[in-house]
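Open the model in your viewer and keep the selection tool at hand. The tour goes from one selection to the next.

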Amino acid sequence: MLTGKNALVTGASRGIGRAIALELAKQGASVAVNYSGSEEKARKVVEEIQQNGGTAFAIQADVSSSDSVSAMIKEVTTTFGSLDILVNNAGITRDNLLMRMKEEEWDAVINTNLKGVFNCTKAVTRPMMKQRSGRIINIASIVGVSGNPGQANYVAAKAGVIGLTKTTAKELSSRGITVNAVAPGFIETDMTDTLDTNVKDEMLKQIPLARLGRPEDIAAAVKFLASDESGYITGQTLHIDGGMVM
Amino acid sequence: MAEIQDRITKIIVDRLGVDEEEVKNESSFKEDLGADSLDVVELVMELEDEFDMEISDEDAEKIATVGDVVNYINNQQ
């Protein structure tokens with residue numbers, strides 16, 4: 001499905017990013033596995049891809065830094081020769097009630113989850129515009145649509161990503177580049193593992209399909225949005241949340 | 001000088017799909033040559049590659065006519 005395509009997945013050392021990297025590789029894409037701090041885990045993702053006969057390499061970059069991102073994109077385009085698919089997945093949480101939220105917590109989440117998407121998107125527009133094709137897929141979150149107490153910073157960043165997705169889609173559509181967002185609901189990852197059982201039970205009650213999502217549920221949608229088959233879809237946000245927000 | 005002008009003209013003709021005769025120093029990219037904002041950004045990218053230089057965003061914003069480009073490149077060379 002993606003043979004001959006080159007992809008970069010940010011925050012791909014674990015969780016949803018890891019599942020996306022594995023899936024894109026399974027479909028034949030060469031994958032750059034970006035990580036910020038988890039070098040060992042990123043290496044394991046690369047090894048897993050290679051053991052399955054795929055092509056991948058790990059690359060460190062802090063997406064909140066434009067210099068770091070520029071260097072990463074340069075290395076990826078040099079190594080692969082082109083870049084067809086960018087998946088902006090890197091994200092962090094610093095949950096707190098609004099009244100207790102520190103400026104640092106706000107800034108950290110906005111810088112990685114929103115500015116990081118801006119930095120990476122800006123850096124890939126040049127190669128993608130030149131080749132007159134490209135797929136940019138942003139991992140937003142369902143809470144960016146619905147809101148969520150205790151996550152003012154995260155929600156603001158994710159809502160921002162949805163707006164950024166629409167604008168980027170409009171700006172780049174004439175150059176054959178599509179930009180879409182995926183909004184995961186409650187997915188089993190390290191990030192949601194830290195929530196306590198009460199919170200999880202409450203969330204389960206709000207999910208019509210009555211189960212948590214898996215990283216693979218997200219990866220399957222990203223695979224589709226990265227493929228030629230999604231060529232007439234741009235600026236959209238696909239909710240993958242078991243029906244939680246309709 | 002003439003050589004630089006020719007290279008610039010060629011890029012503009014290729015990128016904007018206009019006739020060479022239309023590319024005059026006083027031609028405005030947006031008003032005379034039918035370019036939109038994104039076309040101008042792409043043009044700047046091509047010029048950077050062609051002349052192996054970096055054009056800052058501040059300078060790029062000032063580019064409105066073919067003559068602006070010719071002067072800019074000549075001053076930088």
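Select A:R126 and B:E48. These two form a salt bridge, with the closest N and O atoms 2.8 Å apart. The term salt bridge stands for a side-chain nitrogen of Lys or Arg within 4 Å of a carboxyl oxygen of Asp or Glu. The pair crosses between chains, from helix α4 of chain A to helix α2 of chain B. Helices (H or I, at least four residues) and strands (E, at least two) are DSSP runs, numbered from the N terminus. A:R126 is partly exposed, at 27% relative accessibility. B:E48 is buried, at 12%. Buried means under 20% relative accessible area, exposed over 50%, and partly exposed in between (1.4 Å probe, protein chains only).

A word on the numbering and the model: residues count from 1 along each chain as its sequence is written, with chains lettered from A and ligands numbered from 1 in the order in which they are written. The model is predicted, local features need pLDDT of at least 70, side-chain atom pairs count only at pLDDT 80 or more, totals for chains, interfaces and linings use all residues, and side-chain values use heavy atoms, with hydrogens and water left out.

**The interface**

Now show chain B against chain A. How many residues of chain B are in contact with chain A? Nine residues of chain B touch eight residues of chain A, where contact means heavy atoms within 4.5 Å. Select B:L38, B:E42 and B:M45. In chain B, these three lose the most area to chain A, together 62% of what that side buries. Between them, the two chains bury about 760 Å², 43% of it on carbon and sulfur atoms. Buried area is the accessible area (1.4 Å probe) that two parts lose on being put together, summed over both.

Six salt bridges cross this interface. Seven residue pairs are in polar contact between the chains (both at pLDDT 80 or more). A polar contact is a pair of N or O atoms within 3.5 Å; within protein, one must be able to donate a hydrogen and the other to accept it, and residues adjacent in sequence count only if both atoms are side-chain atoms. Colour helix α2 (residues 37-51) of chain B: six residues, the largest share of the side touching chain A, come from this helix. By type, that side of chain B divides into two nonpolar, no polar and seven charged residues. Ala, Val, Leu, Ile, Met, Phe, Trp, Tyr, Cys and Pro count as nonpolar, Asp, Glu, Lys and Arg as charged, and the others, Gly among them, as polar.

Go to A:M129, in helix α4 of chain A. Is A:M129 buried or exposed? A:M129 is buried, with a relative accessible area of 3%. Beyond its neighbours within four places in sequence, A:M129 contacts A:L172, A:R175, A:I177, B:L38 and B:E42.

Next select A:N113, also placed in helix α4 of chain A. This residue is buried, at 1% relative accessible area. Its side chain reaches the backbone nitrogen of A:I92 at 2.9 Å.

Then find A:R132, in the loop between α4 (103-131) and β5 of chain A. A:R132 has a positive phi of about 60° although it is not a glycine. At 34% relative accessibility, A:R132 is partly exposed.

**Into the strands**

Select residues 177-184 of chain A, strand β6. Eight of its eight residues are buried. A:I177, A:V179, A:A181 and A:A183 point one way, while A:T178, A:N180, A:V182 and A:P184 point the other. In a regular strand the side chains alternate between the two faces of the sheet.

Strand β5 (residues 134-139) runs parallel to β6(A), joined by six bridges; strands pair if DSSP finds at least two bridges between them. A:G134 has A:I177 as its bridge partner. Strand β7 (residues 237-240) also runs parallel to β6(A), with four bridges. There, A:L238 is the bridge partner of A:V182.

Select A:S141, in the loop between β5 and α5 (143-146) of chain A. A:S141 is buried, at 7% relative accessible area. Its contacts outside four places in sequence include A:V182, A:A183 and A:P184.

**Last stop**

Finish on helix α1 (residues 2-16) of chain B, where B:K10 and B:D14 are four residues apart, about one helical turn. Their side chains meet in a salt bridge (3.0 Å, N to O).
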